[in-house]
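Student: Please take me through this model one feature at a time, giving the general idea first and then the case at hand.

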Amino acid sequence: MVQFNGPHGKVSVSYLRQGGLNPPAPAPKDAFTGKTVLITGCSSGIGYQAALQIAALNPKRLILGTRTIAKGETTKQAILAAVGPSLNSKIIEIIPIECSDLSSAREFASAIKKTTPLGTLDCVLLSAGLALPTREVVKDESGRKWPTTFVVNVLAPALLAMELMPLLQSTPGSVLEFVNSISYCNVTSQDIAPFFSSSKEANSSSSALEFFNDPERWTTQRAYYEAKLMLMFVLEGLVKDQEKEQSRVVMLACCPGQCKTNLYRQFGVGVRAFMTLFNAVIARTAEQGARTLVTGLLKGEEAMGKMWVNDGFDDWSPGITEKEWEVLQNKVWEEVKAVSGKA
C-alpha cells in the first residue's frame, strides 16, 4: 500500500531525468517459461515493447488485447519478426478490445474466460492508456456519460481486473499489474479541497467520480494526474477485497517512467514538438520503460498494493493527507464497482 511518511511534493524534472539516466534492468532469461500472459494496450509504445520482451522470454501462451484484429495481427507479425524463428507463432493469440467501451471490455473478459481453463492464467498486464487534448465523452452501459480518458485509464482496467479475478485466483502465484504513473502524487490537498469544503461533501450521497470528472474542473493535466490517483484507489480496493480469500493474487501497479512514446499523438503540433524535445533530454526509451512492466510481473507478495518503479518499490508519498486518501479511496472504489455492475 502507499505510505505517508516518505518524500512529499510533486514529481520533479530531476526525478524523471534520473530515471532516464538509470534505466531499469531487463528480466532474466526464460522468466515466463510455462506461463500464460495477457496484455492489453500492446499495439504500440511501452505496451508493445513489453509484449515483445515477454514473447522472447519463453511464455507458453501470450494473449494480445488490441483494438482490432488487424492491429493485433500487425503487432503479432512485428513480434515474430523481432524475436525470430525460435518463437512459435501459435503461442500468440489476439482478442480485440476497445478500452473506451465497457461492453467491449466485458466481451473481452468473457472471451478470455471461455478460452482459458481455471488454473492457467498466470499474468495479466493492463497497459492501455490514453491522454487527450480536449474533454471527450463516451457512454457506459447504462447510458451515463464519462470522459473517455477516465474510461480507458480507470473504469476499463478496473472492470477487467474484477472480471478476470476468479481465473487469477485459481492460478497459484498469479500476478495482476496495472500500468500507472507516480504522477498520481501530483494531486494535492488543494486540488481536492472543494470536495471537502462543506459537511455535505463528506456524506454518502456525494459522488467522488462526479467530482473528479466535473467538466468545470477539467484540464488535460488534471485529468491525467487524477486518473492515475483513482487507479491507485482501485488497486487498494482490490487488495482489501481479497484479504479474506484463501487464494491471493499478487496485485501491484508499475510506473515505466518518462518514456519516448507517441502518447501525445493527438495533441497539437506545439505540444508534440515540446514533448519531443523534452523527452530527448529527459526520457528513457519505450524499450527501457517496458522493462519495468515485465519485471513487475515477476514480483511476489512483497509487491502487494505497491508501485514498482526504477527497480524498486516507490517510496514517494501522495500529495494528499492520509485521511483524505481514506475517504476518497473508499468512495471511488465503491462507485467504480457500482458503475461496473460489481457492487
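**Loops, helices and enclosed spaces**

Tutor: Asn310 is partly exposed, since its relative accessible area is 31%, and the scale behind that word calls a residue buried under 20% relative accessible area, exposed over 50% and partly exposed in between, with a 1.4 Å probe and protein chains only. The model is a predicted one, in which local features need pLDDT of at least 70 and side-chain atom pairs count only at pLDDT 80 or more, while totals for chains, interfaces and linings use all residues. Residues are numbered from 1 along each chain as its sequence is written, and side-chain values use heavy atoms, with hydrogens and water left out.

Student: Where is Asn310 found, and what is phi of Asn310 near?

Tutor: Most residues other than glycine have a negative phi. Asn310, although not a glycine, has a positive phi near 55°, and its place is the loop between β11 (307–309) and β12 (312–313). These names follow DSSP runs numbered from the N terminus, helices being H or I of at least four residues and strands E of at least two.

Student: What is phi of Asp30 near, and where is Asp30 found?

Tutor: Asp30, in the loop between α1 and β1, has a phi near 60°, again a positive value in a residue other than glycine. Asp30 counts as partly exposed because its relative accessibility is 38%.

Student: Where does Ser44 lie, and how far apart in space are Ser44 and Thr261?

Tutor: Separation along the chain and separation in space are to be read as two numbers. Ser44 lies in the loop between β1 and α2 (45–55), and from C-alpha to C-alpha it is 8.4 Å from Thr261, although 217 residues part the two in sequence. Ser44 counts as partly exposed, because its relative accessibility is 32%.

Student: Is Thr295 buried or exposed, and which residues does Thr295 touch?

Tutor: Thr295 belongs to helix α10 (residues 286–296) and counts as buried, because its relative accessibility is 9%. Contact here means heavy atoms within 4.5 Å. Not counting residues up to four places away in sequence, Thr295 touches Ala25, Pro26, Ala27 and Trp308.

Student: Which residues of α4 are buried, and why are they on the same side of α4?

Tutor: To read a helix face, one looks at the arc of the directions from the helix axis to the C-beta atoms. In α4 the buried residues are Leu102, Ser104, Ala105, Phe108, Ala109 and Ile112. Because they cover an arc of only 160° around the axis, they sit on the same side of α4. Glu107 and Lys114 are exposed on the other side of α4. As for what the buried residues of α4 pack against, their partners are the strands β1 (36–40), β2 (61–66) and β3 (92–96), together with the helices α5 and α11 (322–339).

Student: Which residues of α9 are buried, and what do they pack against?

Tutor: Met275, Phe278, Asn279 and Ile282 are the buried residues of α9. They line one face of the helix, because seen down the axis of α9 they fall within an arc of 95°. The face turned away from that buried side carries Val269, Gly270, Thr276, Leu277 and Ala280, which are exposed. The buried residues of α9 pack against α1 (13–21), β9 (259–260) and β10 (284–285).

Student: How many cavities of 30 Å³ or more does a search of the whole structure find, and how much space lies in the second largest pocket?

Tutor: On a 1 Å grid over the protein atoms alone, a cavity is a set of points where a 1.4 Å probe fits but cannot get out, a pocket is an open set with protein on both sides within 12 Å along at least five of seven lines, and lining residues have an atom within 4 Å of a point. Points are joined across faces, edges and corners, and a volume is the space filled by probe spheres set on them. The search finds four cavities of 30 Å³ or more, and the largest cavity holds about 90 Å³ of space. It is lined by 14 residues, of which Leu126, Ala128, Val152, Asn153 and Pro157 are the closest to its centre. Two or more lining residues come from each of α5, β7 (175–179) and α8, and α5 gives the most, with five residues.

The second largest pocket holds about 170 Å³ of space. Its lining consists of Met162, Met165, Gln169, Leu238, Asp241, Gln242, Glu245, Trp333 and Lys342. The elements that give two or more residues to that lining are α5 (148–169) and α8 (220–241), and the largest share, three residues, comes from α5.
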